[in-house]
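The entries below follow the order in which I looked things up.

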Amino acid sequence: MSGAAEPPSGSQALAGLAGSRRVVICAGPGGVGKTTCAAAIALEGARLGRRACVVTIDPAKRLADALGLESLTNDAHRVAIGTRGGPGGSLDALMLDTKTTFDEVVRRNAASEEQAQAILDNKLYRNISGALGGTQEYMAMEKLYELHSRRDYDLVVVDTPPTRHALDFLDAPNRLLRFLNNRIFRLLMAPTRAGLRAIGMATQMFLRTLSKVVGGAVVTDTVAFFTAFEGMEQGFRDRAAKVEALLADADTAFVVVSSPRRDAVVEAIFFADRLRESSSRVEALVVNRMFPSFGPVPPALAAAAPGSPELAALATNLEDFDRVATREEAHVEQLADRLPGTPIVRVPFLSSDVHDLDGLDEVGGWLFGRGARSGPPG
Amino acid sequence: MDPKAFRPPARVTIVAGKGGVGKTTVSAALAYLAAASGFRVLIVEVEGKSGLPTLFDRPDALSYEEAVMLEPGRAGPGSAELRARTLTPDDALVEYLEDRGMRRISRRLSSTGTLDVIATAVPGIKDILVLGKVKQIENQIAAGAAGAPDCIVVDAPAAGHAVSFLSSAYGLMEAAAVGPIRAQAADVVAMLSDPDRCQVMLVTLPEETPVNEAVDTAFHLEDRAGVKLSPIVVNGLWPRLDLPAAAPADLPQGRLSDAERAAVEGAADFRRRRQAVQEEQLARLAEALPLSQLRLPYLFTTELGLEEVRALAGELAQQLAGVSG
């Protein structure tokens, strides 16, 4: 096996995205280093002289510290990047606050202050950001849209939430819309309308049972929520359409971050296929945490190993690395086959977690083909 | 390894940990060990997405119906059957409603997203439905019901979610003063707080972020879910090699080229640094958490199947014998 399958332009392609696109979305399964990659791409944008902003979601604590994010900060703030920024370049960061973002959306769409307040005070509403799957994804896209339309930034990089499935965020707006349009509760809140008969016996029985099972107060709150929400769905629908258009825009790039494992590869392929259906495509693929490859055991070492525990340990160690590296390479080749023409960037397994800007420099060095180290010394 | 010496610590073992630490693999290994020791075991997967069948060299996805992963005798002489199924909140709600004579509407509810509305109105209800179902199977075990397994292994949701998953019962007991949900929650609390009935096995990796998260999860689980923690599994440990600092150029059977020596020494250097990180994280974990550690080796492969699960089960058997002995 040779390294010839790697398009030589992988790193340049990624640097090109950081240098020219207005939106970069990092997607992929959980636990593969998406947040780190997103931060490194935004930092690269700053290095190239752009005003960059990274939207992070639930970063590991030390990476958050490195970006100066001690807590949820829905307003971006400047990261001190020292001499890393190019002329005019800067890096801002924010950690998504789903609840506050949703509150802003409600206020913006409400016809009156009373309507907004009725929703914000509703018990069911207050549970949404914590309990309804897809809300975090939707709000991430909402924040992206807001930052993008304010035009304070040349580049916005979004890290997507750790979901069971990388696709969840593409479906999130629809999931929320479906929630807001739930038919059973909409019918229930307008019992005097013609819809009454359409409710049907089964639904009525269900609602009665629901009252018994979860309590009448819950049903009352739910009905109050849908009543208060009346008239706002169109605003949400319009915005969802705009967000969808932004995601499909030529200035938006999707970068899939994956790891060289079977399940992650399957998910990356699935994601790319789904993206193609929404007429977007994966513009670069980052395979993170690759095992270092040191080649096979040299014959002279293999022959000498049985005679010496120390040499045997050295040989075993090389064998271990080689076995994993070979398999991982096979997974990457499979990705390359299934996503022909997509530039692939390999990032090795680093010996410690990224927890400061030097660590981001190191990742950036691999992402953008500058070798392991490129930050200023010290 | 003497699997006959193994007894499941409780009727239900809930395996929990951050995404990517190998929860499903550990669930499979623990279940394999139970089956090899003659206990009929059922693995319950709660997220509707799992690589579990692959771990037993089975091609098909799991479903709500129990599927055989290992036939009796497959894990050695005298070994028992191992089955697996999914148990997602949607499934559990449908079953809950069907049990109460609402079969027709139950299917439609999941397809129209009404479950989302209910689950948002009553946070924790999904978890309580799933745990309620687990408790129902556990009751069947206690009663020695026909067709019931001897023990259950639950492949729990990713940590963070695991805490809310397991503390939902307390939350609902506070929120709902009366009614079937409160009764259900009370039953689940009774199960979770009885160490003979239920224990939680945390899984982590010897790396900084997973260790931090495991420590947080452990304290939250004890505080908020009142559940007993079994020994913690540290997964993916690189087996320790005593590597010399340098590779000699001249060997009895020939010379190593400079490039070969650089590769040999580079690999050794990487391994030593990795080992140092592991030692440091194991020590940190031991200091922060007063739990015994079960250490599972990294198997230097990217795909795991039955052979690997068997090897890990053997490791678990050996170490559990040491812990409880």
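I looked up the partner of A:V54 and found that its bridge partner in β4(A) is A:A93. The model is predicted; local features require pLDDT of at least 70, side-chain atom pairs count only at pLDDT 80 or more, and totals for chains, interfaces and linings use all residues. Residues are numbered from 1 along each chain as its sequence is written, and chains are lettered from A and ligands numbered from 1 in the order in which they are written.

**Entry: strand β2 of chain A.** I noted that β2(A) and strand β4 (residues 90-95) of chain A pair in the parallel sense over six bridges; two strands pair if DSSP finds at least two bridges between them. Helices (H or I, at least four residues) and strands (E, at least two) are DSSP runs, numbered from the N terminus. I then found strand β5 (residues 155-159) of chain A paired with β2(A), also in the parallel sense, over four bridges. In β5(A), A:L155 is the bridge partner of A:A52. I checked burial for strand β2 (residues 51-56) of chain A: five of its six residues are buried. A residue is buried if 20 or more other C-beta atoms lie within 10 Å of its own, exposed if 12 or fewer, and partly exposed in between, with C-beta atoms placed from the backbone.

**Entry: the whole sheet.** I traced eight strands of chain A in an open sheet of mixed pairing, in the order β3-β4-β2-β5-β1-β6-β7-β8. β3 (73-78) and β8 (344-348) of chain A stand at the edges with a single partner strand each, so one side of each has no neighbour in the sheet. Strand β6 (residues 252-258) and strand β7 (residues 282-290) of chain A pair in the parallel sense over five bridges. I recorded A:V282 in β7(A) as the bridge partner of A:F254.

**Entry: two positive phi values.** Most residues other than glycine have a negative phi. I found a positive phi of about 60° at A:R151, which is not a glycine. A:R151 is found in the loop between α7 (135-150) and β5 of chain A, and A:R151 counts as exposed because it has 9 C-beta neighbours inside 10 Å. Phi of A:R289 is also positive, near 60°. A:R289 lies in strand β7 of chain A and is buried, with 20 other C-beta atoms within 10 Å.

**Entry: chain B against chain A.** How many residues of chain B are in contact with chain A? I counted 55 residues of chain B in contact with 61 residues of chain A; contact means that the C-beta atoms of two residues, placed from the backbone, lie within 7 Å. The largest share of the side of chain B that touches chain A, eleven residues, comes from α10(B). I sorted the residues of that side of chain B into 26 nonpolar, 15 polar and 14 charged. Ala, Val, Leu, Ile, Met, Phe, Trp, Tyr, Cys and Pro count as nonpolar, Asp, Glu, Lys and Arg as charged, and the others, Gly among them, as polar.

**Entry: chain B overall.** I listed eleven helices and eleven strands in chain B. Of the 325 residues of chain B, 49% count as buried. The C-alpha trace of chain B spans about 80 × 45 × 40 Å along its principal axes.
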